[in-house]
Amino acid sequence: MDNAGSHAGPGTGTATGSDPDTGAADGTGLGTPGTGTGTNVTMKVNTRMHLSTGGPPAAAPAPPLAIRLALPVDAPAIAAVHLASRQATMPYLPPQRRTHDEVTRWIREIVLPQCHTVVAARGAEILGYASVRGELLDQLYLRPDVLRAGIGSRLLAAARRHRPAGLSLHVFQLNTRARAFYAHHGFRVMATDDGSGNMENLPQLTLRWTPATAPVPPRGTP
C-alpha cells in the first residue's frame, strides 16, 4: 500500500502498510412500490403538500460525519474503500489480483487485530479509514468520490491523537498527491530507497511527523 504509510494518499488513496495483493507497504436503498389504495393516498397527500408549501418536502439532512473505531462488521466496506482507492489513485501499480472477499478477510484477520483502525462514517456509509501500527501510519485510504472534502485530514488528526509523540509512514515517490497532502500536514522526508524492499519495486520515501515542542520559559518568569 502506499499511503500514508506506504504508498498512497488519503482520499488520494493514501495508505501504508502491507497490501494483501502485493505485500508492499504504503489504503441500496431499496424501495417497495405501493399497492392498492395506499399509493393513491400517498399521491393525494403529496399533492396537498405541494399546494400548501409550494414545493416538495425538504430532504432530510445528511447524517454528520463521525470518526470512530473500526469494527469487524466494517471489514467489507473498508475492503471496498481500499480497492477503489488504489485503483483510482495509483494507476501505476500492478492490477489488483485479490478479490473483495480476500481483501475483506485480510482487513478482518490482519489489519484490525494488529492495528489501531478508525473509520470515517456518515451513517452506515464508510467513506475512509486509517490504521496505525506502533508509530507507523500503515493505512490511510478514502473512497474516490469523497476526495478533497477534509475527510483525510480528520482521519490523520485521529491517528495523531492516537500517537501524539509522532508518526512515520512510507509513500511511493510517484504518489505526488499523497506526498503533497503529508507535506501540508507537517511530514518531512527522512529517508529514500530504490524500491528493492517492496514487491512493486517502486522507489519510496519514509516520512515523519513530530509535534513541535513549545519553548520552555526561563525559570522565574511568570
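These are notes on the predicted model, taken point by point.

1. Confidence. The protein chain has an average pLDDT of 79, and 70% of the residues reach at least 70. By element, the lowest mean belongs to helix H1 (residues 37-53), at 40, and the highest to helix H3 (residues 100-114), at 98. Residues 4-17 lie below 50, yet this stretch has 126 contacts in the model beyond near neighbours in sequence. Residues 21-25 also stay under 50, with 27 contacts beyond four places in sequence.

2. Helix H5. Within residues 176-184, the buried positions include Ala178, Phe181 and Tyr182. These residues are on the same side of H5, because they cover an arc of only 90° around the axis. An α-helix has 3.6 residues a turn, so residues three or four places apart point the same way. Thr176 and His184 are exposed and sit on the face turned away from the buried side of H5.

3. Surroundings of H5. Its buried residues pack against strand S4 (136-142), helix H4 (151-162), strand S5 (167-172) and strand S7 (204-209). After H5 comes Gly186, with a positive phi near 90°.

4. Largest nonpolar core. This core has 25 residues, and those touching the most other members are Leu137, Leu140, Ile151, Leu155, Tyr182 and Phe187. Two or more residues come from each of strand S2 (116-122), strand S3 (125-133), S4, H4, S5, H5 and S7. H4 contributes the most, with five residues. Leaving aside residues up to four places away in sequence, Ile151 touches Leu65, Ala120, Leu127, Leu142 and Val146.

5. Second core. A separate core holds 21 residues, among them Ala121, Tyr129, Tyr141 and Phe172.

6. The whole structure contains five salt bridges. In one of them, the side chains of Arg68 and Asp74 meet at 2.9 Å, N to O. Arg68 is partly exposed, with a relative accessible area of 29%, whereas Asp74 is buried at 7%. Asp138 and Arg133 also form a salt bridge, at 3.2 Å, N to O. Here Asp138 is buried, with a relative accessible area of 5%, and Arg133 is partly exposed at 37%.

7. The side chains of Glu125 and Arg143 meet in a salt bridge of 3.2 Å, N to O. This pair links distant parts of the chain, 18 residues apart: Glu125 belongs to strand S3 and Arg143 to the loop between S4 and H4. Glu125 is partly exposed, with a relative accessible area of 39%; Arg143 is partly exposed at 22%. A network of salt bridges links Glu125, Arg143 and Asp145.

Key. Residues numbered from 1 in each chain as written. Predicted model: local features only at pLDDT ≥ 70, side-chain atom pairs only at ≥ 80, totals over all residues. Heavy atoms only, no water. pLDDT = per-residue confidence, 0-100. Helix = DSSP H or I, 4+ residues; strand = E, 2+ residues; numbered from the N terminus. Contact = heavy atoms within 4.5 Å. Buried < 20%, exposed > 50% of the residue type's maximum accessible area, 1.4 Å probe, protein only. Arc of directions from axis to C-beta. Core = buried A, V, L, I, M, F, W, Y, C linked by side-chain atoms within 4.5 Å. Salt bridge = Lys/Arg side-chain N within 4 Å of Asp/Glu carboxyl O.
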